[in-house]
Amino acid sequence: MIRLRRITKFFGRNQVLKDIDLTVEKGEVVVILGPSGSGKTTLLRCINYLEKPNAGEVAIGELAVDCKRPSKKDIQALRRKTAMVFQHYNLFKHKTALENVMEGLVVVRKLAKEEARERSVRVLEKVGLGDKLDAYPSQLSGGQQQRVGIARALALEPEAILFDEPTSALDPERVGEVLEVIRNIAKEGITMIVVTHEMGFARDVANRVVFMDGGVIVEEGDPKIIFSRPKEERTRQFLKRITPEANYSI
Amino acid sequence: MPGAKFDIAYLFDYFPKLLSTLNVTLTIVSLSILFGLGVGFLVALPRLYKIPVLRRLSEVYVSFFRGTPILIQLFLIYYGLPEMLKLVHIDVTRTPVLVFVVLTYSLHAGAFISEMIRAGVTAVDRGQAEAAYSVGMNGYQTFTRIVLPQALAISLPVFANLVIATLKDTSLAFTLGVMEMTGKADTLITLGQHYIETYIDLAIIYFVISFALERLFRLLERRLLRHERRERTAGKRFGRNVPSLRGLLAESAGVPKGGAGG
Amino acid sequence: MKLDPAFIWTAFVKLLSAVPTTLFITVVSVAAGFLLGTAIALFRIYKVPVLGPLSAGYVTFIRGTPMLVHLLLIYYGLPAVIDGVSAAFGWSFRSVSIPYVVFALIAFTITASAYLSEVVRSGLLSVSSGQLEAAYSVGMTTPQAIRRIVFPQAFAASIPNLSNSFIGMLHGSTLAFTVSVVEINAKAQIVASTNWKYFEAYIAAAVIFWGLTVLIERLAGVLERKINIYNRGGVA
């Protein structure tokens, strides 16, 4: 279980997160929606401390970290309980697909090389890249790179996987293959928090949708309800702008 | 200008004589680069980690050693260091000149190496470090396993240039009377007045070593950057696809309006 | 012997008289080297038969040998060639009448040309072929495209390298003392030879070179910013 309490974040004088509370239960798939600049990516990055919140508390399972004075050990521990899939994949450029997945297992989780390799191969096969083990990131398509990124996160068997707009940098025809992989993982009951613009995906896969705007959570709830009968005007406006049916006028 | 008549026999005669001092030259180069790497890391770290005060000192150090000719640095340290050390009652009048030479070249190379490291580290995408943190690595692991290897691969061509530049700079050590290759050439000339033969030999030796070093580093670079192969060939540039460029130039010559061509 | 701060100032003032010589050698060899280097770069980019490979060999050789060796080879080799040719044709001209500084200029131009040809080449290569195609697509002729599109972009991209080469040649000009040209370094030796205050004299020399270098870097920085603003306005 992940519990965020009163998370506050400033960039300079600009407050991007205002007292955010959010709880994600074990096995839940939560999709965070919102216009750009709404703070959704920042919120996600606060969970594993890639962004340092100015105040609040991040808790994962038993571990609760006060954002006012986190120790290095606490930050490390938060990161070991989570894994992240990045918008721009961020695969280690000097390592092969297999090495990318093994790296965290060997260096951080201290698995024996053989065991790490076995697990990595298994996970890469699961994302459909069993034949690309020795390819370097530069030799893979965007979709393939992102699937390696997902495998890297999955192999760590974290308590939750954080997805930061995993399909935004992809060519349109590559989006499907990546969403398919994420969809399959979701079925396995892994806790996931996903920041995305893919409305169809949110509707089908999410257990809960969180809509953010202006650094606050405007509305959250069952996707069926949010998409069909949003309570808040801001949510309605956003959905109107972003859903394909509304775009014919352009 | 004085000098004996050109005699090709001396080209062959002097060759082994000059080569006999090659080890001195190579010793200066390797020691200087080795110590220079140490100095370079020490000088780069305060700037990479933005440590106040030390960072300023690093900047001044780099600016000075990059901003003055190595020949001046050589004289400064040769004449200045003994006097400075005399103030703390250390006598270095019997210290071999070679020590001063290696010290100067190390400090000089250190400034360039620190810039190289800084540029290399900055060139590594921030996302690489973030990804390392996201799988749970600590700062040290992230730096040594992810950032540094990539930074070194990026820096290798700069490093190769630096090693070759140091090799060429060793020719200045003769001004302090060090018996490296150029110093040896000086003595040969005093003895035989065969200026041109000696300097041609000298040029050939320096060239062969530089050339070999360059090839060696290129091989190494290809190995280290094997993960980048596709990206590197993908860049279509003004001259790299000369045939099509020439095609364009030729095509437009006949047709003033021109077209985008093939 | 103790450090004599007053003499640093004395030396500094005396050394200033040698600054014009140093700058003259540097500017002339960089300017001439740039012209020669551009020709060499173009031979290589356009793969001109014979001249192309020859240029490549020239650049590799010059870059693979110390600047000092270029200077000494020219200083001792060129007079022999000139006198030989002169004698063969029965001319009265002899190399003795050539001032020392000319040999330094020729040698340094050769050095600079090899390094600058690489600067020009990488500058031109940094302009994408799409730029040329775009210039043609709006109807420009080749000279127009090269002059208005390729050169400005290549120049903007080359400023840091040009500045580095210039500084390299400035520092390299200290070698001219070996052929009796009185630039800053030689002057420092002369100034110090009377009272053996070499350390003080070289501190003064270092300060002058440091100042000149920082000045060149600043100027290059200003130029680069100016040109990049122009580029941003014109392209994006």
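## Exercises on a predicted model

The second largest pocket has a lining of 18 residues, and B:Leu48, B:Tyr49, B:Val121, B:Arg126 and B:Phe143 are the ones nearest its centre. This is a predicted model, in which local features need pLDDT of at least 70 and side-chain atom pairs count only at pLDDT 80 or more, while totals for chains, interfaces and linings use all residues. Residues are numbered from 1 along each chain as its sequence is written, chains are lettered from A and ligands numbered from 1 in the order in which they are written, and side-chain values use heavy atoms, with hydrogens and water left out.

**Exercise 1.** Describe the lining of the second largest pocket, by element and by class.

*Solution.*
- Step 1: recall the term. On a 1 Å grid over the protein atoms alone, a pocket is an open set of points where a 1.4 Å probe fits, with protein on both sides within 12 Å along at least five of seven lines; lining residues have an atom within 4 Å of a point.
- Step 2: take the volume, the space filled by probe spheres set on the points. For this pocket the volume is about 520 Å³.
- Step 3: find the elements. α2 (22–48), α3 (54–67), α5 (97–123), α6 (126–134) and α7 (139–169) of chain B each give at least two lining residues. α7(B) gives the most, with 4 residues.
- Step 4: sort by class. The lining holds 8 nonpolar, 3 polar and 7 charged residues.

**Exercise 2.** Work out how chain A and chain B meet.

*Solution.*
- Step 1: list who takes part. With contact meaning heavy atoms within 4.5 Å, 27 residues come from chain A and 23 residues from chain B.
- Step 2: find the buried area, the accessible area (1.4 Å probe) that two parts lose on being put together, summed over both. Between these chains the buried area is about 2300 Å², with 53% given by carbon and sulfur atoms. A:Lys93, A:His94 and A:Ser138 supply 26% of what chain A buries against chain B, more than any other three residues.
- Step 3: look for salt bridges (a side-chain nitrogen of Lys or Arg within 4 Å of a carboxyl oxygen of Asp or Glu). The rule finds 2 across this interface. A:Glu103 forms a salt bridge with B:Arg145, their closest N and O atoms lying 2.5 Å apart.
- Step 4: sort by class. The side of chain A that touches chain B has 11 nonpolar, 8 polar and 8 charged residues.

Key: Ala, Val, Leu, Ile, Met, Phe, Trp, Tyr, Cys and Pro count as nonpolar, Asp, Glu, Lys and Arg as charged, and the others, Gly among them, as polar.
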